[in-house]
Amino acid sequence: AAGLRFVSTGMEYPDGTVALEGVDLDVRPGQFVSVVGPSGCGKSTLLRLASRLEHHTSGEVAVDPHALAYVFQDATLLPWRSVKKNVALFCELRGDGKADIARRVQEAIDLVGLTGFENHYPHQLSGGMRMRASVARCLTVDPGVFLFDEPFGALDEISRQKLNDDLQTLFHAQKFAALFVTHSIAEAVYLSTEVVVMSGRPGRILDRVPVPFAYP
Ligand code: ADP
Ligand code: ADP
């Protein structure tokens, strides 16, 4: 099944903390859903369940694990590999052919705006550019579902705004399902087709607000 679906999903950690209760959420291809809410309301837990880093304890989580791309706050690039070789990593692990890898890598690098930086190393890049490389690496394997965990938290305001602009363009063109956790309501509204507001302990979905003007 394309997309991501939570049905009456609950999560109780082994120490007895109930982090989520009765979460119903559907993220379909072409939807970019942001999750906002106070610290401790279960946003990270929701992403961990979607990514299978943790397993839910009640209800259902439906997602094709092979279609997942997970973008963390600190872009996890290998320092000894150039941008090109970093972006190629997932294709290499999957055993794609050389020509296919080269084509996918260049396409992804162009899409995220890193053309010309193929042979740079991570330490030669700004934080925003490292994040772009990290997104490019995900794009090479045609993910169906993108998960973002506060990906721009460590960036300065200008890099953040530029990345927001470019991501919005990129995600408008491609038909991913995206679930995006952020502390910034402005960012959520800017990027999303829908903003999900979470609250409480255990965390629940309080409200779902469509953003009709995000994707004209
Ligand atoms: P948020 O991302 O919104 O800050 P979290 O998903 O990190 O919220 O946490 C939700 C709740 O679950 C909090 O009460 C937190 O203390 C608790 N929690 C998170 N991770 C664990 C864990 N590994 N073990 C026990 N409790 C946890
Ligand atoms: P981003 O939003 O991608 O983080 P930055 O504000 O960090 O953008 O950088 C703006 C521009 O400066 C980049 O698009 C790039 O052209 C250039 N730049 C940043 N870091 C470097 C670097 N280490 N070497 C060369 N050019 C750089």
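User: How far is an oxygen atom of ligand 1 from an N or O atom in the side chain of Thr45?

Analyst: Hello! This is a predicted model in which local features need pLDDT of at least 70, side-chain atom pairs count only at pLDDT 80 or more, and totals for chains, interfaces and linings use all residues, while side-chain values use heavy atoms, without hydrogens and water. Residues count from 1 along each chain as written, with chains lettered from A and ligands numbered from 1 in written order. The Thr45 side chain makes a polar contact (N or O atoms within 3.5 Å) with an oxygen of ligand 1, at 2.5 Å.

User: Which helix gives the most to the shell around ligand 1?

Analyst: The shell (a heavy atom within 4 Å) holds 14 residues, with Lys43, Ser44 and Thr45 among the closest. Four of the shell residues come from one helix (a DSSP run of H or I, at least four residues), spanning 43-51: H1.

User: And which helix gives the most to the shell around ligand 2?

Analyst: Two helices, H5 (127-139) and H6 (157-173), each supply at least two residues there. Polar contacts include the Gly128 backbone at 3.4 Å and the Lys162 side chain at 3.1 Å. With three residues, the top contributor is H5.

Definitions and conventions. A polar contact is a pair of N or O atoms within 3.5 Å; within protein, one must be able to donate a hydrogen and the other to accept it, and residues adjacent in sequence count only if both atoms are side-chain atoms.
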